[in-house]
Amino acid sequence: MTPPLLSVDKLEVVYNRAITAIQGISLSVQTGQIVAILGTNGAGKSTTLRAISGFLGIDDARVTEGAVTFKGQRIENRPPNEVTRLGIVLVPEREKVFPNLTVAENLAAPFAPSMSNAERREREDLIYHFFPRLADLRTRTGGLLSGGERQMLAVASGLVCKPELLLIDELSLGLAPVVVEDLMQRLLQIRKELGITIVIVEQSAAVALEIADYGYVLENGRVVLDGDRERLTSHGDIQEFYLGQSSGDRRNYRDVKQYRRSRRWYG
Ligand SMILES: Nc1ncnc2c1ncn2[C@@H]1O[C@H](COP(=O)(O)OP(=O)(O)O)[C@@H](O)[C@H]1O
Ligand SMILES: [Mg+2]
């Protein structure tokens, strides 16, 4: 078997030298896969993504046990700029776009000053190919975008760095099912056309398992269940606790189903 692009091995992360947020998490991501990390609030999903991407220091957190290996290199506790240079980009949970910059300025923000105009244009064109809506919104400031447009821009700002591995934290949060469905389809298209490997964090298993090849369910900082899409969608626990868990989730899931049905009629 080919070695995984990313492997996380018995990882433990401690905040403020006191709070153990995740303990003994192991997961593995193959090149070209879409992998979902699922779980309720506080399960340790964001901490896992921060540990992989190096963004732990800002919260005074550290990997205290275990390893993160990317393309054969150990990367745990490396600074985020180094990890980014290796090809891992995080689309974080909060503060994903600069509210006072335009869409075009947001997209240009990660560019090195030395980058040629041709290269800039090529990368922008790539973004507008996947997100034509952002081309229409080029001159609008980030703060004036709708929730869905802001999430599009957040993914686009990650993509513009040409990552090999894109980590996306809670893309669907607070968005209407139709908007979520569209974003998920974009991720599939990005994976298909660019071959980028994607890890998505979601509270909604219904949303994530629509596009993920494989998923891990976290609870209290541990992996409690993992498997490919078929196994997880048919698993009793997932159906009970994650697909129909709260009335909010249930509504979401139904809405998505309804959206699909309506699309079949009209599309
Ligand atoms: N900045 C922080 N300082 C202290 N504890 C934190 C911090 N961020 C998260 N935690 C704790 O780590 C655990 C996992 O949180 P998190 O990774 O944010 O979960 P999730 O993303 O699944 O909601 C929680 O118990 C949370 O309270
Ligand atoms: Mg989180």
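A residue counts as exposed when its relative accessible area is over 50%, and as buried when that area is under 20%. Asn220 has a relative accessible area of 65%, so Asn220 is exposed. The model described here is predicted.

**Two loop residues with positive phi**

Asn220 sits in the loop between β9 (214-219) and β10 (222-228). Its phi is near 45°, a positive value in a residue other than glycine. Lys71 also has a phi near 45°, and Lys71 is not glycine either. Lys71 belongs to the loop between β4 (61-70) and β5 (73-74). The relative accessible area of Lys71 is 45%, which makes Lys71 partly exposed.

**The magnesium ion**

Which residues give the protein donors of the magnesium ion (ligand 2)? They are Ser46, through OG, and Glu93, through OE. These donors lie 2.1 to 2.3 Å from the ion. Glu93, at 26% relative accessibility, counts as partly exposed.

**Ligand 1**

Ligand 1 is surrounded by 14 residues. The closest are Gly42, Gly44, Lys45, Ser46 and Thr47. By class, the shell divides into 4 nonpolar, 7 polar and 3 charged residues. Helix α1 gives the most to this shell, with 4 residues. β2 (19-29) and α1 each supply at least two.

| Protein residue | Protein atom | Ligand 1 atom | Distance |
|---|---|---|---|
| Gly42 | backbone N or O | oxygen | 2.7 Å |
| Ser46 | side-chain N or O | oxygen | 2.9 Å |
| Tyr15 | side-chain N or O | nitrogen | 3.4 Å |

Taken alone, ligand 1 exposes 560 Å², and the protein buries 70% of that area.

How many residues of strand β7 (residues 165-169) are buried? The count is 5 of 5, so the strand is mostly covered. Leu165, Leu167 and Asp169 point one way from β7. Leu166 and Ile168 point the other way. Both sets are buried.

β7 pairs with β6 in the parallel sense over 4 bridges. Within that pairing, Leu90 has Leu167 of β7 as its bridge partner. β7 also pairs with strand β8 (residues 197-202), again in the parallel sense, over 5 bridges. Here Leu165 stands opposite Thr197 in β8.

Val89 is placed in strand β6. Val89 is buried, because its relative accessibility is 8% and buried means under 20%. Val89 and Ser53 are 36 residues apart in sequence, yet their C-alpha atoms are 6.9 Å apart in space.

How values were computed:
Residues are numbered from 1 along each chain as its sequence is written. Chains are lettered from A and ligands numbered from 1 in the order in which they are written. This is a predicted model: local features need pLDDT of at least 70, side-chain atom pairs count only at pLDDT 80 or more; totals for chains, interfaces and linings use all residues. Side-chain values use heavy atoms; hydrogens and water are left out. Donors are N, O and S atoms within 2.8 Å of the metal (3.2 Å for Na, K and Ca); water is not among the atoms, so sites may look incomplete. Buried means under 20% relative accessible area, exposed over 50%, partly exposed in between (1.4 Å probe, protein chains only). A residue is near a molecule or strand if one of its heavy atoms lies within 4 Å of it. A polar contact is a pair of N or O atoms within 3.5 Å; within protein, one must be able to donate a hydrogen and the other to accept it, and residues adjacent in sequence count only if both atoms are side-chain atoms. Accessible areas come from the Shrake-Rupley method with a 1.4 Å probe; for residues, only the protein chains shown count as cover. Ala, Val, Leu, Ile, Met, Phe, Trp, Tyr, Cys and Pro count as nonpolar, Asp, Glu, Lys and Arg as charged, and the others, Gly among them, as polar. Two strands pair if DSSP finds at least two bridges between them.
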